[in-house]
Structure formats: structure tokens, C-alpha cells
Amino acid sequence: MSTMSYDDLPELNVVEKILELKKERNAVILAHNYQSPEIKFVADYVGDTLSLSMLAVEVEQPVVVVCGPDFMVETTKILASDKTVLYANGAAKCPMAAMITLEELRDLKKAHPKAKVVGYLNTSAECKCEMDICCTSSNAVRITKSLKAEEIIFVPDRNLGSYIKKHVPDKEMIIWPGFCAVHQIILKQDILELARAHPRAKIVVHPECTPDVVDMADAVLSTDGMVKYGANSEEREFIVATELELVNAMIEDNPDKAFYAVEKAYCRTQKKVKLGNVLEALETLQPEVRLPRDVIRRAKRPVERMLAVGRGD
Ligand code: SF4
């Protein structure tokens with residue numbers, strides 16, 4: 001939950017209705033780390049895609065409202081398939097997940113029949129059906145190393161793919177040229193300027209950033225990894241190259257430390273989720289994720305294989 005105060009909320013009556021209806025519907029609200037503070041305020045849990053979708057399986061509530069992009073909502077349904085999983089806003093479609101289609105992935109597999117497919121969790125359910133194993137930004141290197149295959153297809157993020165390639169040089173990597181616009185927009189120049197202004201700050205970078213930015217990092221971490229690092233590190237100052245809202249949350253959670261963000265790294269997709277959408281989802285129990293049973297079964301396999309190797313941080 002956000003540390004935002006109740007009095008700061010812009011739509012107090014909407015918040016009250018959400019909290020009331022959440023109890024009435026016996027629902028749980030999950031919010032991705034990049035959601036806005038008011039969404040985190042009404043959420044029961046805040047985290048990354050994997051941790052929240054795994055939590056959806058464990059919680060007792062039968063209704064799950066997911067405040068995040070489409071791939072996160074689908075991943076939640078894949079894991080918690082017996083629950084009613086609702087999109088807080090079905091229009092929050094991640095552009096990076098849309099950069100590879102089912103047909104493109106099938107063609108890639110045909111062109112490289114010996115390769116194993118490692119796919120980022122940030123992909124559609126139908127693409128997951130074609131993968132050998134999934135990964136997150138925190139376990140991507142470990143997952144790739146765990147495979148016996150010499151040839152690996154990695155989809156869809158070219159920057160995370162480059163990061164893996166650097167750490168797994170013995171494998172031939174076929175990397176799909178997708179990217180996350182939010183991390184791609186962070187330039188080496190932006191980090192250099194922040195480092196000049198804050199020379200003692202540790203540079204913490206998400207592996208979806210471009211290789212020249214990743215090369216400047218003291219630590220390359222996933223979103224949950226960054227949150228832990230910021231809280232547990234003995235250091236006092238950090239330059240954090242990821243989505244702005246995560247950095248704002250780190251500032252709030254660690255008042256005795258300083259965190260510097262690249263202000264333009266703002267995900268419009270994540271911010272499409274508004275309080276009004278959450279309220280409507282609870283009122284109507286729509287839009288519900290509908291995935292064919294067969295898709296759920298096939299998409300779950302690569303996720304389970306990943307969990308068998310290890311989650312990461
Ligand atoms: Fe997609 Fe990037 Fe936004 Fe995440 S931050 S939802 S990967 S565009």
C-alpha cells in the first residue's frame with residue numbers, strides 16, 4: 001500500500017466506495033509498482049508482475065482486480081485460473097508486449113528449429129504458449145544459463161536480451177528487436193548529468209535500459225530488486241534508472257536517503273488505470289479476463305518451468 005495520506009486523495013468518495021465494495025465483493029486489489037499513488041493507496045498489495053500473480057493464487061478472495069498492463073492481468077489469470085480476474089482497465093496495453101505476435105514467434109521458431117525459446121513475462125498469453133520457459137528481469141540470466149540448448153531465441157526485449165548475452169556468452173542468442181519505450185528513453189547523457197550533480201550516488205539500472213546505460217550501473221536490478229536495494233543498502237544516495245513512480249515510492253519509503261530519477265521515464269500505459277476504472281470493475285465485475293482453457297494450460301507450462309529454476313530477487 002502507498003504511504004499517501006487519506007486526506008491527500010483527490011477523489012475521496014470514490015476511494016471510500018472502492019474500499020467498501022472491495023469488502024462486499026470479497027475482492028483483492030493488486031497494483032504494479034509503476035501505478036499512481038492513489039491506485040497504490042486502494043491496493044492490498046503492490047509489487048511486480050510475478051510476485052503479484054503468485055500472490056493471487058495464495059489469497060483467499062475469489063475476485064482479483066489487477067491494476068497493471070494487459071500481460072500482467074493475463075499472467076495472473078494463467079496462475080490463478082480458478083479466480084475471477086478483472087482488468088482494472090482493459091485499455092492498458094503494454095506496447096512492448098505487443099511488439100511480438102504469435103505468428104512472428106512461430107516464424108522465428110521455424111527459422112531456428114534447434115533453438116529454445118526464453119520469453120519475458122511481459123508478453124501475451126498466446127505467445128507464452130509457444131515458449132519453452134519464461135523469465136523475469138531478475139532471473140533472465142539464470143534461466144538462460146539453465147538451458148542445455150546452444151541456441152536461444154529471446155523475446156521481446158532487445159535490451160534485456162543484450163544483457164543476457166553479455167552474461168551468457170557461450171550461447172548463440174537470437175534476440176527479438178522489441179523494447180520498453182519507458183526504459184529506452186533513458187539516455188547515457190541523462191545518467192551522466194545526474195552523476196555529475198550527485199557524484200556520491202550509486203547508479204541503479206533496470207536491464208530494460210539500453211546497453212550503454214546498463215554499462216554505467218553499480219547494480220542492475222529488477223523493480224522489486226531496486227526496492228530492496230534502496231531499503232537495505234548502506235549507501236545514502238542513488239540514481240535510479242527506471243519508471244518514475246517506482247523512484248517516487250523509494251523516496252517515500254526511505255526518508256533518510258536520497259533517490260534521483262530520470263523524470264521523463266513515465267509509463268503512460270500503467271497510468272491509464274484510474275480510480276474510476278477500479279470502482280467500475282468492482283461494480284460490474286467486468287472486464288473479466290477470458291482465456292481459453294487450452295491457452296491457460298499451455299501458457300502455464302513455461303511459467304512453471306521458470307519457477308522450478310527459481311524466481312530471482
Ligand atoms: Fe510496458 Fe514498459 Fe510500460 Fe512496463 S514500463 S508496461 S514494459 S511500456
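Tutor: Let us begin with K110, which lies in helix α5 (residues 102-111), where helices (H or I, at least four residues) and strands (E, at least two) are DSSP runs, numbered from the N terminus. This is a predicted model, in which local features need pLDDT of at least 70 and side-chain atom pairs count only at pLDDT 80 or more, while totals for chains, interfaces and linings use all residues. Residues are numbered from 1 along each chain as its sequence is written, and side-chain values use heavy atoms, with hydrogens and water left out.

Student: Why is K110 called exposed?

Tutor: The relative accessibility of K110 is 67%, and exposed means over 50% relative accessible area, buried under 20%, and partly exposed in between (1.4 Å probe, protein chains only); K110 therefore counts as exposed.

Student: What makes Q61 buried, and which residues is Q61 in contact with?

Tutor: Q61, in the loop between α3 (49-58) and β3 (63-67), has a relative accessible area of 17% and is therefore buried. Leaving aside neighbours within four places in sequence, Q61 is in contact (heavy atoms within 4.5 Å) with N26, A27, V28 and K83.

Student: Why does N26 count as partly exposed?

Tutor: N26 has a relative accessible area of 39%, so the label is partly exposed. N26 is found in the loop between α1 (12-24) and β1 (27-32), and its phi is near 55°, a positive value in a residue other than glycine.

Student: Which residues are joined by cis peptide bonds?

Tutor: The bond from V155 to P156 is cis, with omega near -10°, and P156 is found in the loop between β7 (151-155) and α8 (158-167). Another cis peptide bond joins Q286 and P287, with omega about -10°, and P287 lies in the loop between α14 (275-284) and α15 (293-309).

Student: Why is A261 buried, and what does A261 touch?

Tutor: A261, found in strand β12, has 14% relative accessibility and therefore counts as buried. Not counting residues up to four places away in sequence, A261 touches L194, V240, L244 and V247.

Student: Which residues of helix α13 are buried, and what covers them?

Tutor: In α13 (residues 244-253), L244, E245, L246, V247, A249 and M250 are buried, and what covers them includes α2 (37-42), α12 (223-232), β11 (237-241) and β12 (258-261).

Student: Which residues surround the ligand, and how do they divide into nonpolar, polar and charged?

Tutor: The ligand is surrounded by Y34, P69, C94, P95, M96, N122, C180, V182, C267 and Q270, a residue being near a molecule if one of its heavy atoms lies within 4 Å of it. This shell divides into eight nonpolar, two polar and no charged residues, where Ala, Val, Leu, Ile, Met, Phe, Trp, Tyr, Cys and Pro count as nonpolar, Asp, Glu, Lys and Arg as charged, and the others, Gly among them, as polar.
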